[in-house]
Amino acid sequence: MKDTQLPESEQSKELFAYFGLAVYYCQALEQQLTNLLLLTKLSQGKTPTDAEIAELYQRKLSNSLGQLIKEIQHHFPFSEEETSQLQAVWKERNHIVHDYFKERIQETFTPAGRAHMIRELKRFKNKASRLEIKLQGYCTEMYSKLGLEEEHIQ
């Protein structure tokens, strides 16, 4: 069987760093969606106990990005563009996490292939980061409207 170990180069390390950043920003996006869902539920006028909030928060944290996106669309008025962005990031996230290296393994063996992959992962990371920042802004607005401190929820 052919040896398929990656070269130990700085470019390989950079490739894996950007893969890690892509996954990190997806998880940050999941966190913001969880926060936004929780805040939306709190804005409905019910006053849950701290234990109920903690239980709901833990339950939502265990949801997948897709589950969170589907649920939040029923509770938060995203623009058509934002909905499209969420759907695109979700689809691309699934590809990156589940299939990216399986499909691109040959590219990891050449400098040009790794450079191309790094550019793709950077673009995705930037897209996910911008969306996470936008959701963070919505959460901050809701904290203010509800008269809560961010630490209370987190």
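**Salt bridges and a helix pair in a predicted model**

A salt bridge joins the side chains of Lys41 and Glu71, with 3.7 Å from N to O; the term denotes a side-chain nitrogen of Lys or Arg within 4 Å of a carboxyl oxygen of Asp or Glu. This is a predicted model, in which local features need pLDDT of at least 70 and side-chain atom pairs count only at pLDDT 80 or more, while totals for chains, interfaces and linings use all residues. Residues are numbered from 1 along each chain as its sequence is written, and side-chain values use heavy atoms, with hydrogens and water left out.

Lys41 belongs to helix 1 (residues 10-42) and Glu71 to helix 3 (residues 65-72), so that the pair links distant parts of the chain, 30 residues apart. Helices here are DSSP runs (H or I, at least four residues), numbered from the N terminus. Lys41 is partly exposed, at a relative accessible area of 25%, whereas Glu71 counts as buried at 17%. Buried means under 20% relative accessible area, exposed over 50%, and partly exposed in between (1.4 Å probe, protein chains only).

Glu71 also meets Lys60 in a salt bridge, with 2.7 Å from N to O. Because Lys60 lies in helix 2 and Glu71 in helix 3, this pair ties together parts that are 11 residues apart in sequence. Lys60 is buried, with a relative accessible area of 9%. Through shared partners, the salt bridges join Lys41, Lys60 and Glu71 into one network.

In total, the model has nine salt bridges.

The packing of helices comes next. Helix 1 and helix 4 (residues 80-98) pack at an angle of about 135°, their axes 11 Å apart. Axes are lines fitted to C-alpha atoms over the stretch in contact, and angles run from 0 to 180 degrees between N-to-C directions. Helix 1 is therefore oblique to helix 4, since angles under 35 degrees count as roughly parallel, over 145 as roughly antiparallel, 65 to 115 as roughly perpendicular and the rest as oblique. Helix 1 contributes Phe19, Val23, Cys26, Leu29, Glu30 and Leu33 to the contact, and helix 4 contributes Leu86, Val89, Arg93, Ile96 and Val97; contact means heavy atoms within 4.5 Å.

Technical notes: Helices (H or I, at least four residues) and strands (E, at least two) are DSSP runs, numbered from the N terminus.
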